[in-house]
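This briefing concerns the packing inside one protein chain. Please look at the sequence and the structure before reading the points that follow.

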Amino acid sequence: MPSLGNGKEGIILWIHNILNREVSSLPYRLGSAKIFTKLDLKDAYWLICIREGDEWKTAFRTRYGLFEYLVIPFGLSNALGNFQAYVHSCFSDMLDRFVIIYLYDFLIFSKSEQEHIQHVSLVLQRMIEKKLFCNLKKCQFHTTRDWKPPTNVKETQSFLGFCNFYRNFIPYYSTLSSPLSNLTRKTVAWEWGTVQQKAFDDLKAAFASADVVRHFDNTLDLVLKTDASDFAISGILSHQTDCAQSPPRHSPSILIMKI
């Protein structure tokens, strides 16, 4: 472990730097993937047994006596690192090829539907072999196209919260979402009509469009457009897609600096 400080603060800083590096490299690992499946393990840490003879280290006392854990409990020191190492060893031949794992969260990615079925099957088969179990309620095998229309204000707010994450990628987003945003106002009575349904369908269609779901592809040529004024400089990183005549698709990499 690199020297980043003493005690707990140094460990936290070290973990923070690792997470930043992992997250920043996700676009390169996802590449040109178009189809995704999210899996969530059930009872994650409880799947790993405490080494025989070390059970006493987890001892705790209650009014009914002294007890020891036989499996890794949540919150135990080094539980995160041990579990991460375990799942990585179980799926070492699949990592970064078509699956990314962070603790008990799995992201399976593929370029085509046929390829994705094969990848998901391989991951699930390996889970069966390693006796790992998924929490079906937290797994997602579908896209936003399967999102059902909201039935109340809370569900509308939940959908708009998801939409807001992509608002910079959707042209005229405020105009598209205004019929739904109006429903969240306290002064407006809840009424789901054709206007709201059309806005809901248009937003779902926008999420499935190429400009939104396309990821950065490091195999394509990059285009950097820059501009400057007396107070700031900026740049937009883009790359060409589809064919040479197509306009470059812009990524959200924008730099603005004061001089």
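The largest nonpolar core in this predicted model has 24 residues. Within that core, F91, V99, F106, V123 and M127 touch the most other members.

**Nonpolar cores**

- When neighbours within four places in sequence are left aside, V99 is in contact with M94, F106, L107, I108, F109 and V123.
- There is also a second, separate core of 11 residues, which includes F159, Y173, F200 and F207.

**Packing of helix 5 and helix 6**

- Two packed helices are described by the angle between their axes and the distance between the axes.
- For helix 5 (residues 153–164) and helix 6 (residues 173–183), the angle is about 160° and the axes are 9 Å apart.
- Because angles over 145 degrees count as roughly antiparallel, helix 5 is roughly antiparallel to helix 6.
- The crossing of these two helices, helix 5 and helix 6, is left-handed.

**Residues between the two helices**

- Helix 5 takes part in the contact through V153, T156, F159, L160, C163 and N164.
- Helix 6 takes part through Y173, S177, L180, S181 and L183.
- Sorted by class, the contact of helix 5 with helix 6 has seven nonpolar residues, four polar residues and no charged residues.
- F159 and Y173 belong to this contact, and both are included in the second core.

Key:
Residues numbered from 1 in each chain as written. Predicted model: local features only at pLDDT ≥ 70, side-chain atom pairs only at ≥ 80, totals over all residues. Heavy atoms only, no water. Axes fitted to C-alpha atoms, helices over the stretch in contact; angles between N-to-C directions. Helix = DSSP H or I, 4+ residues; strand = E, 2+ residues; numbered from the N terminus. Parallel < 35°, antiparallel > 145°, perpendicular 65-115°, else oblique. Left-handed = near helix turned anticlockwise from the far one by under 90°. Contact = heavy atoms within 4.5 Å. Nonpolar A, V, L, I, M, F, W, Y, C, P; charged D, E, K, R; others polar. Core = buried A, V, L, I, M, F, W, Y, C linked by side-chain atoms within 4.5 Å. Buried < 20%, exposed > 50% of the residue type's maximum accessible area, 1.4 Å probe, protein only.
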